[in-house]
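Please consult the sequence and the model shown below while reading.

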Amino acid sequence: MFHLANVFCPLQIWCWSCHNGSALLKMSAPPKEQDDGVLQIQKSVSDGIYKIIHRPPYEMVKTEDLSSNFISLQEIQTAYSKFKQLFLIDNSTEFWDTDIKWFSLLENSSWLDIIRRCLKKAVEIIECLEAQNMNVLLLEENASDHCCLISSLVQVMMDPHCRTKIGFQSLIQKEWVMGGHCFLDRCNHLRQSDKEEVPVFLLFLDCVWQLVHQHSPAFEFTETYLTVLSDSLYIPIFSTFFFNSPHQKDTNMGRESLDTQSKPLNLLTVWDWSVQFEPKAQMLLKNPLYVEKSKLDKGQRKGMRFKHQRQLSLPLTQSKSSPKRGFFREETDHLIKNLLGKRISKLINSSDELQDNFREFYDSWHSKPTDYHGLLLPRVEGPEIKVWAQRYLRWIPEAQIPGGGRVATMSKLLEMMEEVQSLQEKIDERHHSQEAFQAEAPCLLRNSARLSSLFPFALLQRHSSKPVLPTSGWKALEDEEDLAKREDEFVDLGDV
């Protein structure tokens with residue numbers, strides 16, 4: 001005899017609603033293998049519910065089964081294991097030995113291809129939400145890996161608030177931390193089981209970096225913000241990315257343990273950046289190129305009337321809620337009717353092919369000027385997907401850019417903005433002395449220390465050396481007689 005508690009009861013979770021009213025939802029898929037007795041109980045429960053509820057559903061729902069029709073966790077882990085080997089370089093000889101075949105090794109790892117597939121899947125979901133006005137249900141066995149990844153990417157691309165620092169932090173807290181992503185197992189913090197270790201969250205950050213790299217003015221944060229956030233994932237002093245679920249976190253941190261000898265953990269939150277960085281360094285986390293949305297005056301706000309309002313709950317139906325039944329009773333009945341018994345079986349086993357609207361939607365968006373406060377789609381073709389150099393290449397001197405690269409340029413812009421602001425304040429105070437027009441902060445790029453693309457994490461300590469087996473690129477450099485005459489104070493010629 002089976003107990004009702006042993007029967008799988010699917011729970012549909014609302015994630016986000018589009019401006020046109022369509023909703024993004026996620027749900028745990030039922031086990032693929034069940035006994036006949038459990039299936040019979042599920043059928044009897046669903047049949048009983050069908051007799052109670054007579055009204056059919058009105059909204060259209062498109063189901064994406066990420067457990068069977070998307071990248072497996074094993075594929076992600078295998079690809080990342082190959083990918084990270086490209087950056088575990090011990091010495092210059094090993095670096096130049098692998099330099100000739102580096103791009104072929106990168107392609108064989110399939111890591112960039114996985115990033116491309118994730119971004120493309122998110123765009124397909126957006127096409128359903130935006131162009132077809134359909135609700136989308138993301139289906140996964142535990143709804144805490146691929147569902148978190150795709151739903152987060154969709155929100156970053158569609159909601160400009162998620163591209164601010166506060167909005168991005170809220171998104172991670174909502175979809176990943178409170179969404180039950182198994183950080184403890186996926187990051188293998190305790191080194192107990194390598195089988196469960198899969199860098200799903202790091203894959204998400206890499207996908208977001210692609211968007212930041214392609215559409216920098218649309219993001220309030222920088223690639224340095226994403227890099228230090230990925231580093232914080234493996235720092236055990238923060239509780240944000242340390243547990244498998246909020247319940248596990250509350251059990252270990254929120255109350256005294258039953259064992260009198262053990263004490264609850266007292267860990268910090270990763271969002272307090274002052275723990276890791278001084279105020280000057282925290283400025284590198286803010287994007288000076290960010291295009292802020294213009295604020296409307298009160299008269300303009302009153303005149304604006306939006307056609308659609310954001311939903312704060314489950315998808316709307318075409319009929320009004322009955323005051324006798326109540327909102328939550330009606331929506332609960334609707335969810336049960338859609339997701340139990342035969343209907344959930346049809347959703348999972350559906351083999352309907354996707355309409356070929358992705359290409360038209362994708363090309364149409366890229367043919368228009370970019371609205372940094374509207375829908376934001378990545379370029380996913382060919383060389384548009386790049387290696388997150390700041391994160392993976394920062395500790396390899398041979399691969400770094402003399403002068404600091406984009407991060408040092410960003411730092412220079414921040415210093416110039418700070419200098420302009422300081423001068424403006426002095427002008428407002430009407431101080432016309434000569435000291436009022438001198439820069440207070442020293443320029444980092446004029447420092448005697450040699451900077452590279454490793455900046456701002458550390459200064460370069462180990463200089464590049466001539467390879468034992470020179471490549472064609474080095475041979476070309478050795479043939480240039482005027483190389484030493486170039487006016488670049490940051491170029492280190494080494495033994496060349």
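Is Leu 73 buried, partly exposed or exposed? With a relative accessible area of 23%, Leu 73 is partly exposed; buried means under 20% relative accessible area, exposed over 50%, and partly exposed in between (1.4 Å probe, protein chains only).

## Basis of the model

The model is predicted: local features need pLDDT of at least 70 and side-chain atom pairs count only at pLDDT 80 or more, whereas totals for chains, interfaces and linings use all residues. Residues are numbered from 1 along each chain as its sequence is written, and side-chain values use heavy atoms, with hydrogens and water left out.

## Overall architecture

The protein contains 19 helices and four strands. These elements are DSSP runs numbered from the N terminus (helices: H or I, at least four residues; strands: E, at least two). Of its 496 residues, 43% count as buried. Among contacts (heavy atoms within 4.5 Å) between residues at least 6 apart in sequence, 75% join residues at least 24 apart.

## Surroundings of Leu 73

Leu 73 lies in helix H2 (residues 73-84). Leaving aside residues up to four places away in sequence, Leu 73 touches Asp 145, His 146, Arg 186, Val 198 and Val 200. Pro 199 is 126 residues from Leu 73 in sequence, yet their C-alpha atoms are 8.9 Å apart in space.

## Helix H5

Helix H5 (residues 111-130) has 20 residues and reaches 29 Å from its first C-alpha to its last, close to the 28 Å expected at 1.5 Å a residue. The expected span is 1.5 Å times one less than the number of residues. H5 is mostly covered, with 15 of its 20 residues buried.

Within H5, the side chains of Arg 116 and Asp 113 meet in a salt bridge (3.7 Å, N to O). Such a bridge requires a side-chain nitrogen of Lys or Arg within 4 Å of a carboxyl oxygen of Asp or Glu. Because Arg 116 and Asp 113 are three residues apart in the helix, about one helical turn separates them. Arg 116 is partly exposed at 22% relative accessibility, as is Asp 113 at 35%.

## Salt bridges of Arg 359

The count for the protein comes to 15 salt bridges. Arg 359 pairs with Asp 363 (3.2 Å, N to O); being four residues apart in helix H16 (residues 358-366), they are separated by about one helical turn.

Arg 359 also meets Glu 381 in a salt bridge (2.8 Å, N to O). This pair links distant parts of the chain, 22 residues apart, with Glu 381 in the loop between H16 and helix H17 (389-392). Glu 381 is partly exposed, at a relative accessible area of 40%.
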